[in-house]
There are 6 protein chains.
Amino acid sequence: MKPITVIRKEHFNAAHRLHNPKWDDKTNKEVFGKCNNPNFHGHNYDLEVMVSGMLNQETGYLMDMKILSSIIKNQVINYMDHKNLNLDVDEFKTLNPTAENIAIVIFERIKAQLPNNLDLKIRLYETQRNIVEYPA
Amino acid sequence: MKPITVIRKEHFNAAHRLHNPKWDDKTNKEVFGKCNNPNFHGHNYDLEVMVSGMLNQETGYLMDMKILSSIIKNQVINYMDHKNLNLDVDEFKTLNPTAENIAIVIFERIKAQLPNNLDLKIRLYETQRNIVEYPA
Amino acid sequence: MKPITVIRKEHFNAAHRLHNPKWDDKTNKEVFGKCNNPNFHGHNYDLEVMVSGMLNQETGYLMDMKILSSIIKNQVINYMDHKNLNLDVDEFKTLNPTAENIAIVIFERIKAQLPNNLDLKIRLYETQRNIVEYPA
Amino acid sequence: MKPITVIRKEHFNAAHRLHNPKWDDKTNKEVFGKCNNPNFHGHNYDLEVMVSGMLNQETGYLMDMKILSSIIKNQVINYMDHKNLNLDVDEFKTLNPTAENIAIVIFERIKAQLPNNLDLKIRLYETQRNIVEYPA
Amino acid sequence: MKPITVIRKEHFNAAHRLHNPKWDDKTNKEVFGKCNNPNFHGHNYDLEVMVSGMLNQETGYLMDMKILSSIIKNQVINYMDHKNLNLDVDEFKTLNPTAENIAIVIFERIKAQLPNNLDLKIRLYETQRNIVEYPA
Amino acid sequence: MKPITVIRKEHFNAAHRLHNPKWDDKTNKEVFGKCNNPNFHGHNYDLEVMVSGMLNQETGYLMDMKILSSIIKNQVINYMDHKNLNLDVDEFKTLNPTAENIAIVIFERIKAQLPNNLDLKIRLYETQRNIVEYPA
């Protein structure tokens, strides 16, 4: 028997602004363009949480999707949904909330809740055309 | 020959907050819930612009989709994309930016640019599960 | 101001079997084909509930989507999700659970919960290729 | 009981070129742009066939979707799929194959096969962003 | 030249029930919840069959998609579509038809029909939010 | 820190014909079927460009998506959109434009524009049911 992957899709909405506080306004504007709007803009983020490991022969599950969904709800949805990522979410008070960094923060928050024998990958859709996977 | 409809899909991202300034904070919180977050949240808005009328037999077009796309770009995308609807868009400085009101504002802005013999309908996806059509 | 429509998408899974008890087995098999399997088959039903009426100027809502979602949950999801429509759902003990009849039953159940000044339409996806709208 | 609508989705691929033979090359190029490429380009066309009428109480069907699917297959898919619309399809030897005209041709071909008491509407996706409905 | 992957999407509908016959009813109900309904429920399963190997330079194909589609039709669609997985499909008479186990059974059935120099992976969508890949 | 992947989706339309000039007409017809139509057919190609590497800590980007989008536009969209692949695109004057070969050509054209420390993968949807990934 080989390892198997289960994937759970969830969804949240948030406002954000791309900004590096070490740079001046002109550089921020050049690098981040309209994503640097000081009044923020926002997205519907589609999230895929991919967990891999060996099947539990008793249940026929890799892990109970209700438990996985509950971890995502506690660690991500309740924490980021309908929030301003820059102002309301601790990790992004000092970290630029690019799609890449949001995916890494989500990875770390969920990884801490999973048993060590399970591998984790995050796919985050910022729009239907801009997508990030971590780790690659 | 009967009337025909053409539909053009476009996309924009924005931040917003639902809030009625005539109400106190408690009422706003009760009615709008987490959509009332004073720091804003945001969405990927999918927009369908539906135009109806009689076919032009010379071109085989109802209207040139490049012209329709250009009207949408000028009246909606350049005006609302990567913006904070409450702070950056004139109409919503005094109007609550619910999906319903956003659809009505988009309808009025595009209608003013179309010939009178064409009918217009707007479909706006705030999320993949919350959708508005105006007029009904 | 013209009427506006809001649309809420929800989802449920169910088993069913197409069968007319007044017909013999041969006729049922001829008319309903593999949908007549006595052991049942099943679907992921995607449901769009479309409500139309005049905008509430105070809230900027046609109706609160949380209330609409709650009506759908009580009348449809809790009632049909993860059920065998023929065996577990009262209406289909004597009514053939075709997509058409499921849409009509959902229409009647939700209509009874809505104020009289709101119009209702149901769109039900039995698969991504077979869809029903009621009323037309 | 009110009328009900059933919708069947099908799919075909074809090459085409937009061109009005009464115009000179310069006018064709100005009006149709890159769609006027004399070597043709092509699309995956998604087709929705919407049929409305009164439910058959015996079957619980408006009409048997296998029959509707078979009409679409005979009248549209076998006739247009993997074809060059301008060169291989009779109607477009003298008619410009815009999305609007393709929808009208499909409407006429299917309408001729349906009982008179059923209404018909066609929705054709030329791309995911350019869509036509006939009649409006 | 590096290996390439081709992916073919197919679709089937089925009823199922999650149940471990070695456990008592209370344990089955606790672990599988509403998926344990003794009257069954059902799904539209979307299936992606991913085959990898070296390109055939003569045809420009990895393998003929008509042959791959035919293998999927014979091994999966004709075998599982419009069936009750627990009652009608041999493998699941003794194996719990979780999405994980369905993906593994599909993998084994298709793998047996492919040349040894081609690698195989299965992605199965039980719903649009619950997905399985085998092998990981 | 581990490598991360960013994915950008783009879209183009084109006509093509599958044909091996070294074979006679009968063999071409047998192998490629209706895809061998000498008058061509066409597709809406959905393209996913996946780039992997180490995050830039200054920007929070793997690479600026505007730059990636610009490379895709220059190397693929402007080069293949609304074209006849066999007649208008140099690479396919001697190479059969199967989905596999189109993906490989796109890979080579984009790879030449990327820094060496970034990995590249292409996913090409010829239809929603026929997909290719290169490299596997």
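In H2(A), the residues A:Ile71, A:Ile72, A:Gln75, A:Val76, A:Tyr79 and A:Met80 meet A:Ile102, A:Val105, A:Ile106, A:Arg109 and A:Ile110 of H4(A), contact meaning heavy atoms within 4.5 Å. By class, this contact has 9 nonpolar, 1 polar and 1 charged residues (Ala, Val, Leu, Ile, Met, Phe, Trp, Tyr, Cys and Pro count as nonpolar, Asp, Glu, Lys and Arg as charged, and the others, Gly among them, as polar). The model is predicted, with local features needing pLDDT of at least 70 and side-chain atom pairs pLDDT 80 or more, while totals for chains, interfaces and linings use all residues. Residues are numbered from 1 along each chain as its sequence is written, chains are lettered from A and ligands numbered from 1 in the order in which they are written, and side-chain values use heavy atoms, leaving out hydrogens and water.

Helix H2 (residues 65-80) and helix H4 (residues 99-111) of chain A pack at about 140°, their axes 9 Å apart. In chain D, the axes of H2 (residues 65-80) and H4 (residues 99-111) come within 9 Å and cross at roughly 140°.

Turning to the interface, 21 residues of chain F are in contact with 21 residues of chain A. Together these chains bury about 1,900 Å², 51% of it on carbon and sulfur atoms (accessible area, 1.4 Å probe, lost on being put together and summed over both). Between A:Arg129 and F:Glu10, the side chains form a salt bridge at 2.5 Å, N to O (a side-chain nitrogen of Lys or Arg within 4 Å of a carboxyl oxygen of Asp or Glu).

Conventions:
Axes fitted to C-alpha atoms, helices over the stretch in contact; angles between N-to-C directions. Helix = DSSP H or I, 4+ residues; strand = E, 2+ residues; numbered from the N terminus. Buried area = accessible area lost by both parts, 1.4 Å probe.
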